[in-house]
Amino acid sequence: MMTVYSREYYQAGLAEGKIKAKKLDKYRLGPDFILAYDLGPAASYRTLLVDRKQGEIVLRATTKTLLAHFVNEDLPGGYPLQDKLYKLLGIREQHVISAGHGAIFSPESFHAGLVDLVALQRMRGMEACQGGLLMTDLAGVNCYFFQVKRGYANASRQVKEAVVHNALYCSLFHGLAGQVGCQVCRQGDWNLLYGPSYQQAVEADLAGRIPSLRQLLAEIKAEEKAVLKQILLDELGLPLLPDDLDYALKQAEKKLLFRI
């Protein structure tokens, strides 16, 4: 019999002592990450996380903190590149962070009160369930339920947007001209991120919209300079000393960090 896991399932299991999750002070999102539930502000451990090698883990950090650390510290291009792709594809809400080899998806916007996260490459299927989103793992053994306030149809559309976003990110680094079946990044068998049913739609959506990585990074650098110029005008004034410039550069970096 297939087991269905959810935020409520883990909240009850932890409270009753039925779930013995590993307690960690720190965790870095990586290839073994499967999913994470935000258990809410009342929980002593805010995040319940499932890792392919370590199993169930609880952390005091929120899911938003984990995601921000990953984007700002470990992801090539950081948030500015992710945001460029959002705008290029006309994605209005932030619900995916693409890494090429995988994509971290949230059924709700990253700006929602409680943000759950799931690695799309670790899921093989999804379906509607009691007004929410039910995802099945690669083995077809475990199902994970995610609440979606605006319904399954909207969440399904956002998953497809996430696939396109990741394909575009992947194409920038591997010169794939928008092809989704990247052998460099692909991991394991059929999954939501690289499923063949998406490939034709993804390639059609990306047709004619593949910029160069050099072009996008040049645009990002120009935006950084604009932020720096505004800081110089608003906060420092002239003449400038070397220490002033160092301060301005640091402030510019802070303004371009990923925050949710």
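Which residues in α3 meet which residues in α6? Keep that in mind while we look at the whole chain.

This is a predicted model. The protein chain has seven helices and 11 strands. Of its 260 residues, 49% are buried. Now take the contacts in the chain with a separation of 6 or more. Residues 24 or more positions apart account for 58% of these.

Back to the helices. Two packed helices are described by the angle between their axes and the distance between the axes. Helix α3 covers residues 78-89, and helix α6 covers residues 213-236. They pack at an angle of about 110°. Their axes are 10 Å apart. Angles of 65 to 115 degrees count as roughly perpendicular, and α3 and α6 are therefore roughly perpendicular to each other. The crossing in which α3 passes α6 is right-handed. From α3 come Pro80, Leu81, Lys84 and Leu85. They meet Leu213, Leu216, Glu219, Ile220 and Glu223 in α6. Six residues of this contact are nonpolar, three are charged and none is polar.

Next, the strands. Strands of a sheet pair through backbone hydrogen bonds, either parallel or antiparallel. Start with strand β4, residues 47-51. Strand β3, residues 33-38, runs antiparallel to β4, and five bridges join them. Here Asp38 has Thr47 in β4 as its bridge partner. Strand β5, residues 55-59, also pairs with β4. This pairing is antiparallel too, over five bridges. Find Leu49, and you will see that its bridge partner in β5 is Ile57. β4 and β5 form a hairpin, with three residues between them.

Is β4 enclosed or open to the outside? A residue counts as buried under 20% relative accessible area. Five of the five residues of β4 are buried, so the strand is largely enclosed by the rest of the structure. Both of its faces are covered. Thr47, Leu49 and Asp51 are buried on one side. Leu48 and Val50 are buried on the other.

Now move to an open sheet. Four strands form it, in the order β1-β11-β10-β9, and the pairing is mixed. At the edges stand β1 (3-5) and β9 (123-129), each pairing on one side only. From one strand to the next, the twist averages 25°. Inside the sheet, β10 (residues 132-137) and β11 (residues 142-146) run antiparallel, joined by four bridges. Look for Leu133, which stands opposite Phe146 in β11. A helix packs on this sheet as well: α4, residues 152-174. α4 touches β9 and β10. Its direction makes about 160° with that of β9.

One last stop is Pro107. This residue lies in the loop between β7 (103-105) and β8 (117-119). Is Pro107 buried or exposed? Its relative accessibility is 5%, so Pro107 counts as buried. What does Pro107 touch, leaving out residues up to four places away in sequence? The list is Asp116, Leu133, Phe146, Gln147, Val148 and Gln158. Finally, compare Pro107 with Asn154. They are 47 residues apart along the chain, and their C-alpha atoms are separated by 9.2 Å.

Notes
Residues are numbered from 1 along each chain as its sequence is written. This is a predicted model: local features need pLDDT of at least 70, side-chain atom pairs count only at pLDDT 80 or more; totals for chains, interfaces and linings use all residues. Side-chain values use heavy atoms; hydrogens and water are left out. Buried means under 20% relative accessible area, exposed over 50%, partly exposed in between (1.4 Å probe, protein chains only). Helices (H or I, at least four residues) and strands (E, at least two) are DSSP runs, numbered from the N terminus. Two strands pair if DSSP finds at least two bridges between them. Axes are lines fitted to C-alpha atoms, for helices over the stretch in contact, and angles run from 0 to 180 degrees between N-to-C directions. Angles under 35 degrees count as roughly parallel, over 145 as roughly antiparallel, 65 to 115 as roughly perpendicular and the rest as oblique. A crossing is left-handed if the near helix is turned anticlockwise from the far one by less than a right angle, and right-handed if clockwise. Contact means heavy atoms within 4.5 Å. Ala, Val, Leu, Ile, Met, Phe, Trp, Tyr, Cys and Pro count as nonpolar, Asp, Glu, Lys and Arg as charged, and the others, Gly among them, as polar.
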